[in-house]
Amino acid sequence: MLDPIISSHSLYLHSLLPQGLRKGITWQRNQTSLADFILEGLFDDSLTHLFLFSLTMVVFLIAMSGNTLTILLICIDPQLHTPMYFLLSQLSLMDLIHVSTTIPKMATNYLSGKKSISFVGCATQHFLYLSLGGAECFLLVVMSYDHYVAICHPLRYAVLMSKKVGLMMVVTSWLGASVNSLIHTAILMHFAFCGSRKVYHFYCEFPAVVKLVCGDITVYETTVYISILLLLLLPILLISTSYVFILQSVIQMRSSGSKRNAFATCSSHLTVVSLWFGACIFSYMRPRSQRTPLQDKVGSVFYSIVTPTLNPLIYTLRNKDVAKALRRVLRRDVITQCIQRLQLWLPRV
């Protein structure tokens, strides 16, 4: 009852102050809004959590090495220089940056005993994870289109899915997701934050940060929810449409070997799609009344750590071309091959 009265009196008294003093108070408020956030983190000092932290770091190293190896294989081996494997290299790059955005900061805070993250660091984390998540949603749609063209229109594949077309699709995925993320990050970080500024998460994820905002943000939350629906439901609809046509083409195939190849080509992608969108729907499309900080953390761990770790394993174990490329590279001097490839890319003086 007294809050509106106190606020109105405060504004009235603020207007009576000299201009210089008013600027000083405004500057102080701006400095406060740029203060550090406190990340709750995932683990405490118990032995059980120490074991879980060690396990998380092992998974993180597997994700880093697996995605890095996939990118290097596709760059080094000429037989993998096709649109399909170019898209796969972009997926690995997104996963590589994704795990690098959240886990190192969480590990640093846990090992140092500090839990703070700067305002700029929090905004950067929010922008990166949102950009990478949106780009991966778009990229999975592009990959389903690639499979659709390869199976349903194999004779026109070189035209419909040329290197130029694939590059344009990838650039569009990156740019579209980055613009969307930049808008949402700029609006969110423009709000005033109050209270202890403690983020009940291990990184600056939207649902955890938005709880610290002072004031009514109903309209903004509705806008974000609509954006999430478009980023999740629209890609799922497009991917499902692609696979309906793929299934029809596979049923019409007479050769059992062709059917097996088609299913082998699509099974890895469908597995990745199920893991990724399942985790995202669990994290972002549940009603607020059914959400808890623990559930948000579990969902985030799954799509920010587990999924990037499983993606290269799924494609490597189920893809004969990648496995053959790995054996070919292991027979040769890998360092020499990397240097030769870098020399081709570097401009000649």
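A disulfide here is a pair of cysteine sulfur atoms within 2.5 Å. I kept that cut-off in mind while going through the cysteines of this predicted model.

**Entry: how many disulfides?**
I ran the search over the whole structure and got two disulfides. Then I took each pair in turn.

**Entry: C122 and C204**
C122 is bonded to C204, with the sulfurs 2.0 Å apart. I looked up the handedness too: the angle about the S-S bond is -120°, so I noted the link of C122 and C204 as left-handed. This pair connects distant parts of the chain, 82 residues apart. C122 sits in helix 5 (residues 119–152), while C204 is in the loop between strand 3 and helix 8. Are the two ends buried or exposed? C122 is buried, at 0% relative accessibility. C204 is buried as well, and its relative accessible area is 0%.

**Entry: C194 and C214**
The other bond I found runs from C194 to C214, S to S 1.9 Å. C194 is in the loop between helix 7 (163–190) and strand 3, and C214 is in the loop between helix 8 and helix 9 (218–252), so the bond ties together parts 20 residues apart in sequence. C194 comes out at 38%, so I put it down as partly exposed. C214 has 30% and also counts as partly exposed.

**Entry: pairing order**
I numbered the bonded cysteines in sequence order and read off the pairing as 1-3, 2-4.

**Entry: C152 and C266**
C152 has 18% relative accessibility, and the cut-off for buried is under 20%, so C152 counts as buried. C266 is at 5% and is buried too.

**Entry: H201**
I went back to the loop between strand 3 (198–199) and helix 8 (206–210), and H201 lies there. C204 is in that loop as well. H201 has 1% relative accessibility, so I logged it as buried. What does H201 touch, leaving out residues up to four places away in sequence? I listed L39, E40 and G41, then A208, and finally D296, K297 and S300.

Terms used:
Residues are numbered from 1 along each chain as its sequence is written. This is a predicted model: local features need pLDDT of at least 70, side-chain atom pairs count only at pLDDT 80 or more; totals for chains, interfaces and linings use all residues. Side-chain values use heavy atoms; hydrogens and water are left out. Helices (H or I, at least four residues) and strands (E, at least two) are DSSP runs, numbered from the N terminus. Buried means under 20% relative accessible area, exposed over 50%, partly exposed in between (1.4 Å probe, protein chains only). Contact means heavy atoms within 4.5 Å.
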